[in-house]
Amino acid sequence: MRKEDRTSPWLDWAVELQALSQAGLHYGKDPFDIERYQRIRDISAEMLAWKAALPLETVKGLFCCETGYQTPKLDTRAAVFREGKILLVRENSGKWSLPGGWVDVNVSVLENAAKEVREEAGLEVIPQRVIAVQDREKHNRPVYAWKVCKIFVLCAAVGGEFRPNTETTASGYFSPEDLPPLAEEKNTEEQVRMCFDAHRAETWETLFD
């Protein structure tokens with residue numbers, strides 16, 4: 001689901017309605033209020049389904065499946081270097097990305113960064129520093145109907161090799177001048193170049209939005 005442009009407020013309205021209804025469902029006690037909050041949540045999903053031309057149940061599965069106070073999702077992206085080149089993995093789509101994914105509920109950001117590299121590239125790495133914490137919708141397209149914080153982590157490889165898996169079909173190291181087609185919903189050329197800058201810097205101050 002994407003915003004057609006930033007001047008169209010329909011997605012902001014739907015997202016705010018979803019967040020308000022989710023908080024109400026979590027904190028509300030009165031059964032009549034609970035019923036009203038549930039209807040508000042349904043309306044927000046119906047708005048998205050209609051605008052995005054998606055089945056309502058698909059939208060509800062993506063958009064209305066959480067409980068508690070709504071907060072952004074966390075996504076880690078690992079920057080691993082060898083001889084001045086950066087590690088990228090080839091997605092099933094044929095595009096390339098930094099190894100990464102959603103932070104699982106039972107691991108830390110550090111642990112997730114290492115886990116994703118292990119799963120997608122077959123490498124064991126040691127996370128060393130946080131390069132940046134970014135608001136995804138300020139950098140990547142399409143804009144999602146939920147907020148995402150992307151955390152880029154500089155990592156050092158200590159062993160391993162690529163193994164076939166269900167998420168990626170290959171891995172390789174690339175220079176800034178020879179980047180392959182990128183999965184820009186996950187990482188843009190600007191974000192990859194930011195990782196090169198952090199790798200080359202003697203000292204690096206974490207960037208954040």
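This is a short chat about a predicted protein model.

Trainee: What should I know before I start?
Mentor: The model is predicted, so local features need pLDDT of at least 70 and side-chain atom pairs count only at pLDDT 80 or more, while totals for chains, interfaces and linings use all residues. Residues are numbered from 1 along each chain as its sequence is written, and side-chain values use heavy atoms, with hydrogens and water left out.

Trainee: How many helices and strands does the protein have?
Mentor: Five helices and eight strands. Both are DSSP runs, numbered from the N terminus: helices are H or I with at least four residues, strands are E with at least two.

Trainee: In what order do the elements run?
Mentor: From the N terminus, the order is α-α-α-β-β-β-β-α-β-β-β-α-β.

Trainee: What box do the C-alpha atoms fill?
Mentor: Roughly 60 × 35 × 30 Å, along the principal axes.

Trainee: How much of the protein counts as buried?
Mentor: 42% of its 209 residues. Buried means under 20% relative accessible area, exposed means over 50%, and partly exposed lies in between (1.4 Å probe, protein chains only).

Trainee: Let's go to H1. What is its reach?
Mentor: Helix H1 covers residues 10-27, 18 residues in total. From first C-alpha to last it reaches 26 Å, close to the 26 Å expected at 1.5 Å a residue. That expected span is 1.5 Å times one less than the number of residues.

Trainee: Which residues of H1 are buried?
Mentor: Trp10, Leu11, Ala14, Gln18, Ser21, Gln22, Ala23 and Gly24.

Trainee: And what covers them?
Mentor: The cover includes helix H2 (31-52) and H3.

Trainee: Where is Thr58?
Mentor: Thr58 sits in helix H3, residues 56-63.

Trainee: Is Thr58 buried or partly exposed?
Mentor: Partly exposed, because its relative accessible area is 37%.

Trainee: How far is Thr58 from Ala45?
Mentor: Their C-alpha atoms are separated by 9.4 Å. Along the chain, the two are 13 residues apart.

Trainee: Is Cys195 buried or exposed?
Mentor: Cys195 counts as buried, because its relative accessibility is 0%.

Trainee: What about Cys64, buried or exposed?
Mentor: Cys64 counts as buried too, at 15% relative accessibility.

Key
Contact = heavy atoms within 4.5 Å.
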